[in-house]
Amino acid sequence: MHSLLENEAMGFAEQSMMSPDQARRLIDAPHTQQLDLLGDELPGIEERLSLRVEELAAGSRPDGLWSCCSHDPDFPASLGALDDTPVMLYGLGSPRHLAELAELHPGVAIVGARRASAYGRDVAHLFARDLAAAGMTVVSGMALGVDGAAHRGALSVRGRTIAVLAGGPDRPYPPSHRRLYEQLLDQGAVISERPPGARARRWGFPARNRLIAALCRATVYVEGTHGSGARHTVEFARQIGQEPLAVPGPVTSPLSEGPNAIIAESSSHAVIDAEGVLDRIFGTDGQPPLPGTRQAVRPVPAMELGPAARRVLECIRSGDVVPQ
């Protein structure tokens, strides 16, 4: 309930004529004190919130809605790395996708420009397809451009993918991605820290970006200008101990400024394919080298091979002709 109240209160704050000083005090306040501060800054907010809670309580719950609070065993432990860990997550689609992020199907965030180039969309789709085929969970924000291409790449191999929204999980944004949203509900999951019915607001997008980074073992920056929202996701990843990964692009393209810059600054590792991403997460020897890696992935059990299959494998390893 606190999470619901807080989200609604922040929406009221955005609609009101708060001064820059008031907004700054609100943003800088500890997460648990923001509601009290809103009461001081916006007289009458408690009555407005009470009415809104009654409206939400009287409204119908979307079919298939589920929720996961911070005390739930399936709540992602990696979110604890955030200074403002959400109290509650709301979701539609498969709750298993969220529950199995930690060990069975680790998350990889793929982020980038909304107005992506054909190169950026193709790279995002390719990386996501191959990572999902390898058993990873592709996490992004369902936005236009790179985000949408990443989700579609994972869906193309019926892999796992999670969209994190800035509004409620029942409010697809942008509306033009309604078809993608329906596919995500069918094959993946859509989650948000904002309750059902909540509209996407400006402040919700950077808040959404911090969740995308924290849910994942690595964040891959595909395309973006210096000031893009994707760069903010990269910064959140760095703050929680991840080494961001970046896809190099043409030096003549403004959309490659962001990834190329953090590669040049040696603050990110360049990756050119999904295999490179997996190597950075698990290491070439199977051990995760990334700072901030918090969970060990369960090893895949060795397959029992028969005599004929073992002979074929030995031939492949030695480069000999495989016997017919």
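Axes here are lines fitted to C-alpha atoms, for helices over the stretch in contact, with angles running from 0 to 180 degrees between N-to-C directions. Keep that in mind for the close-ups below, which come from a predicted model.

**View 1. Helices α6 and α7 pack against each other.** α6 covers residues 118-133, and α7 covers residues 146-156. Their axes sit 7 Å apart, at an angle of about 35°. The crossing of α6 with α7 is right-handed. On the α6 side, the residues that meet α7 are G120, R121, A124, H125, A128, R129 and A132. Looking back from α7, you'll find V146, A149, A150, R152, G153, A154 and S156. Sorted by class, this contact has seven nonpolar, four polar and three charged residues.

**View 2. Nine strands make up an open sheet.** Walk across the sheet and the order reads β1-β2-β6-β5-β4-β3-β7-β8-β9, with mixed pairing. At the edges are β1 (66-69) and β9 (269-270), each of which pairs on one side only. Zoom in on β7 (residues 218-221) and β8 (residues 245-246), and you'll see a parallel pairing over two bridges. For V220, the bridge partner in β8 is L245.

**View 3. Helices α9 and α10 cross.** Here α9 spans residues 204-214 and α10 spans residues 229-239. Their axes come within 8 Å and cross at roughly 50°, so α9 and α10 are oblique to each other. The crossing of this pair is right-handed. From α9, the contact uses P206, N209, R210, I212 and A213. From α10, G229, H232, T233, F236 and A237 take part. Five residues of the α9 contact with α10 are nonpolar, four are polar and one is charged.

**View 4. R114 sits in the loop between β3 and α6**. Is R114 buried, exposed or partly exposed? Its relative accessibility is 42%, so R114 counts as partly exposed; the partly exposed class lies between the cut-offs of under 20% for buried and over 50% for exposed. R114 and G145 are 31 residues apart in sequence, yet their C-alpha atoms are 4.2 Å apart in space. Leaving out residues up to four places away in sequence, R114 touches A143, L144, G145, F205 and R208.

Conventions: Residues numbered from 1 in each chain as written. Predicted model: local features only at pLDDT ≥ 70, side-chain atom pairs only at ≥ 80, totals over all residues. Heavy atoms only, no water. Helix = DSSP H or I, 4+ residues; strand = E, 2+ residues; numbered from the N terminus. Parallel < 35°, antiparallel > 145°, perpendicular 65-115°, else oblique. Left-handed = near helix turned anticlockwise from the far one by under 90°. Contact = heavy atoms within 4.5 Å. Nonpolar A, V, L, I, M, F, W, Y, C, P; charged D, E, K, R; others polar. Pairing = 2+ DSSP bridges. Buried < 20%, exposed > 50% of the residue type's maximum accessible area, 1.4 Å probe, protein only.
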